[in-house]
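Okay, thanks for making time, everyone. Let me put the structure up on the screen and then walk you through it.

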Amino acid sequence: MCLAIFAASIALTQTPSIQDVLQTNLKSATFKAVVGSSNMAELQKINKDFAQSYRFKSMDVWLKEPFMIRMESKVDDSEILMVINGPIRKLSIPKARLSQKLNLQNSPGKRQTAFDFGLMPPDLFDGFFKADFVRTDRRTGEYVFDVTYGPGLDKDKSRHRIWVDPQKKMITRRQWFANRGGFLMATFEYTNPVEVAGVWMPTTITVSNADNKLAGTTNYKDIQVNPILADSLFSVG
């Protein structure tokens, strides 16, 4: 009996945790996200709002922890700025005289975070997300986790299943499941990784819809990791 308990204890300590694969060195990043290909018919099967994001052929992105993002782009002749600071999202389109600010505290599924770019800084799993280990992928050796929202945010039932390379500490695959109905919405593949300042990042993101049809690709270029970024870049005042 004692041996059985001891063996069970050893097995328990060997179960991977999300804490084992978080990108603890990632404090900030900048890069340009460039659309490589897009199929609007297939993208709209995922989500109409998601499909609209592919209208931005390129986007300059600044990330800073915790939970700060700045994105600048241009559609036709309109400059567009979106800033996320915690739960606050501000959208500005000067030519259209549009300035909109939303508090998404109670709508975590509508919040953009580093996770949307395939990144996992520790702050993501300090109350916002929680992750349950599912298995080790027999083919690749990658860890598989189910990611859901943390306490107080879990009225949103959308979830993600992620595959993480335990050596590179990088998401290689993500499945996105709907808030209502729990059905698969999209699958993201993160490939062609590069190591920058000790952090592995993908440079190609491929998204397929629930029919396994290629919907779009995006490439990350001009990547910088841990540059000094002023908090003023992320002002939503």
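This is a predicted model: local features need pLDDT of at least 70, side-chain atom pairs count only at pLDDT 80 or more; totals for chains, interfaces and linings use all residues.

Before anything else, one term: when I say two residues are in contact, I mean they have heavy atoms within 4.5 Å. With that in hand, residues 24 or more positions apart account for 47% of the contacts in the protein with a separation of 6 or more.

A quick word on where this comes from. Residues are numbered from 1 along each chain as its sequence is written, and side-chain values use heavy atoms, with hydrogens and water left out.

So, what have we got? There are 3 helices and 15 strands; those are DSSP runs numbered from the N terminus, helices being H or I with at least four residues and strands being E with at least two. The radius of gyration is 19 Å, close to the 18 Å from the globule rule for 237 residues, so the protein is as compact as a globular protein of that length. That radius is taken over C-alpha atoms, and the rule is 2.2 Å times the number of residues to the power 0.38. Along the principal axes, the C-alpha trace spans about 75 × 40 × 35 Å.

How much of it is buried? Buried residues make up 46% of the 237, where buried means under 20% relative accessible area, exposed means over 50%, and partly exposed is in between, with a 1.4 Å probe and protein chains only.

Now let's zoom in on strand 3, residues 68-75. This one is mostly covered, with 6 of its 8 residues buried. On one side, strand 3 pairs with strand 2 (residues 58-64) in the antiparallel sense over 6 bridges; to call two strands paired, DSSP has to find at least two bridges between them. Tryptophan 62 stands opposite arginine 70 there. The hairpin of these two strands has 3 residues between them, and phenylalanine 67 takes a positive phi near 60 degrees.

Strand 3 also pairs with strand 4, residues 78-85, again antiparallel, over 8 bridges. Here glutamate 72 stands opposite leucine 81. This hairpin has 2 residues between the strands, and aspartate 76 in the turn has a positive phi of about 55 degrees.

Strand 8 is mostly covered, with 5 of its 7 residues buried. Strand 7 (residues 129-136) runs antiparallel to strand 8, and 7 bridges join them, with phenylalanine 129 standing opposite tyrosine 149.

One last stop: aspartate 222, in strand 15 (residues 214-225). Is aspartate 222 buried or exposed? Exposed, with a relative accessible area of 60%. And what does aspartate 222 touch, leaving aside neighbours within four places in sequence? The contacts are Thr30, Phe31 and Lys32. Phenylalanine 31 is 191 residues away along the chain, yet its C-alpha atom and that of aspartate 222 are separated by 5.2 Å.
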